[in-house]
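Here is a short briefing for a first look at this structure. Keep the sequence and the 3D view open as you read.

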Amino acid sequence: MVKQNSIIFLLPLLFIFFFQSSLAASITYNVVSLGAKADGKSDSSKAFLSAWAAACGSANPATIYVPNGRFLLGRITFAGQTCKNTRITFRIDGTLVAPSNYNVIGNSGNWITFQRVTGVSVLGGTLDGQGTGLWSCKNSGKNCPTGATSLGFYNSNNIVVNGLTSLNSQMFHIIIYACRNAKLQGTKIVAAGNSPNTDGIHVQLSTSVSILNSRISTGDDCISIGPGNSNLWIENVACGPGHGISIGSLGWDLQEPGVQNVTVKTVTFKGTQNGVRIKTWARASNGFVKSVLFQHLVMDNVQNPVIIDQNYCPNNKNCPGQVSGVKISDIMYQDIHGTSATAVAVNFDCSKKYPCSNIKLVDVNLSYKDQTAQASCSNVGGTSSGVVKPSSCF
């Protein structure tokens, strides 16, 4: 009887314990409750930082909720080195708006920064960088701020960005820098085709990054891959306008980590300056690019559908008379078809000192004005198989 009464007495306590645990596991901080104003004019930075402090300080997983409306944010950094949990979610139904005066954040490097965070997810929402004024300033030749990247993740792990829209960034839209295990999915990036330096997604010094099911229209590279990347997967992306998907520029520094194990597949390029490009400075460097697969690509009126440029030296400054030290090897181009906007659809312009090696063309079919396009090769060795048009120049 004593044991039975004890069990009956404990049942309510157990229920309360599990109920409280459930509440703790799903705690949500609404930025409006903490003082944010959804009017697009009042600076809500303090409210967002208060929400982050609470979520970061929680021992249980936490969600920061941004409801519908426009929320003005100045330069803001979410630092994660002291966080007590590794599951913080930003659930965004509204729009985060940068200051309309581009001078406010124009020289700050980044608008929204995540630094040393682990397990952060950004779900939904829109970032409005309000960059059109700065673009006009730059295009007019005036002395202007460099511009801020809209969203940057630095030295972070296990990142998810799902369903985010980025509009009109001042400079880059998204940067993934020195991160491990980042997944960007369903991203929509929009900027004018003549907007300067508005790369869609830039990845550097990172490993195990995937970019999936995204649409990118911008004034620079849709995706740019900097030094020190490995195990990068890009799939089901629509690119255009823009400068295509670029590995590079690489080889600026003499001591530079290489790029390896990159897959770019099922991508459509429409009206872009380039399709898939590898670009290196004509300078001494110990960098490298190897083990890259470009597969299932559609080119629609692309100026340079397939290009390796190892003689990059804009305005003949900082590299005249030099050759690239970056070694490029084991690159496969498979199932690439469509139209080129120029006569030369395949252009391999490799280093005189370190020629490109083991370049493979498999089932590449590109035309120019309903005619067979041309291929140009310099300092490159490789093989071709299947239907290859233009004919291989190896």
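Which residue forms a salt bridge with Asp221? Arg277 does, and the closest N and O atoms are 3.0 Å apart. The model is predicted: local features need pLDDT of at least 70, side-chain atom pairs count only at pLDDT 80 or more, and totals for chains, interfaces and linings use all residues. Residues are numbered from 1 along each chain as its sequence is written, and side-chain values use heavy atoms, with hydrogens and water left out.

**Salt bridges**

- A search of the whole structure finds two salt bridges. The term means a side-chain nitrogen of Lys or Arg within 4 Å of a carboxyl oxygen of Asp or Glu.
- Arg277 and Asp221 link distant parts of the chain, 56 residues apart. Arg277 sits in strand S23 (residues 274-281). Asp221 sits in the loop between strand S18 (207-217) and strand S19 (223-225).
- Both Arg277 and Asp221 are buried. Buried means under 20% relative accessible area, exposed over 50%, and partly exposed in between (1.4 Å probe, protein chains only).
- Asp128 and Arg70 also meet through their side chains in a salt bridge, at 3.2 Å, N to O. Asp128 lies in strand S10 (residues 126-128) and Arg70 in strand S4 (residues 70-72), so this pair ties together parts that are 58 residues apart in sequence.
- Asp128 counts as buried because its relative accessibility is 11%. Arg70, with a relative accessible area of 37%, is partly exposed.

**The sheet**

- Strands (E, at least two residues) and helices (H or I, at least four) are DSSP runs, numbered from the N terminus. Two strands pair if DSSP finds at least two bridges between them.
- Eleven strands form an open sheet with parallel pairing. Their order is S5-S8-S11-S14-S17-S19-S21-S23-S25-S27-S30.
- Strand S5 (76-79) and strand S30 (374-378) are the edge strands, and each pairs on one side only.
- From one strand to the next, the twist averages 15 degrees. Angles run from 0 to 180 degrees between N-to-C directions, with axes fitted to C-alpha atoms, for helices over the stretch in contact.
- S5 runs parallel to strand S8 (residues 110-115), and four bridges join them. Ala79 has Gln115 in S8 as its bridge partner.
- S23 pairs with strand S25 (residues 304-312) over six parallel bridges. Asn274 has Asn304 as its partner in S25.
- S25 in turn pairs with strand S27 (residues 344-349) over four parallel bridges. Val306 has Val346 as its partner in S27.

**Pocket and cavity**

- A 1 Å grid over the protein atoms alone is used here. A cavity is a set of points where a 1.4 Å probe fits but cannot get out. A pocket is an open set with protein on both sides within 12 Å along at least five of seven lines. Lining residues have an atom within 4 Å of a point. Points are joined across faces, edges and corners, and a volume is the space filled by probe spheres set on them.
- The largest pocket holds about 380 Å³ of space. Its lining has 19 residues, and Phe172, Asp199, His202, Gly248 and Ser249 lie nearest its centre.
- Strand S14 (174-177), strand S17 (201-204), strand S21 (245-250) and S23 each supply at least two residues of that lining.
- There is one cavity of 30 Å³ or more. The largest cavity has about 100 Å³ of space.
- Residues lining the largest cavity include Phe48, Leu73, Phe78, Ile112 and Leu164. Strand S6 (88-92) and S8 each supply at least two of its lining residues.
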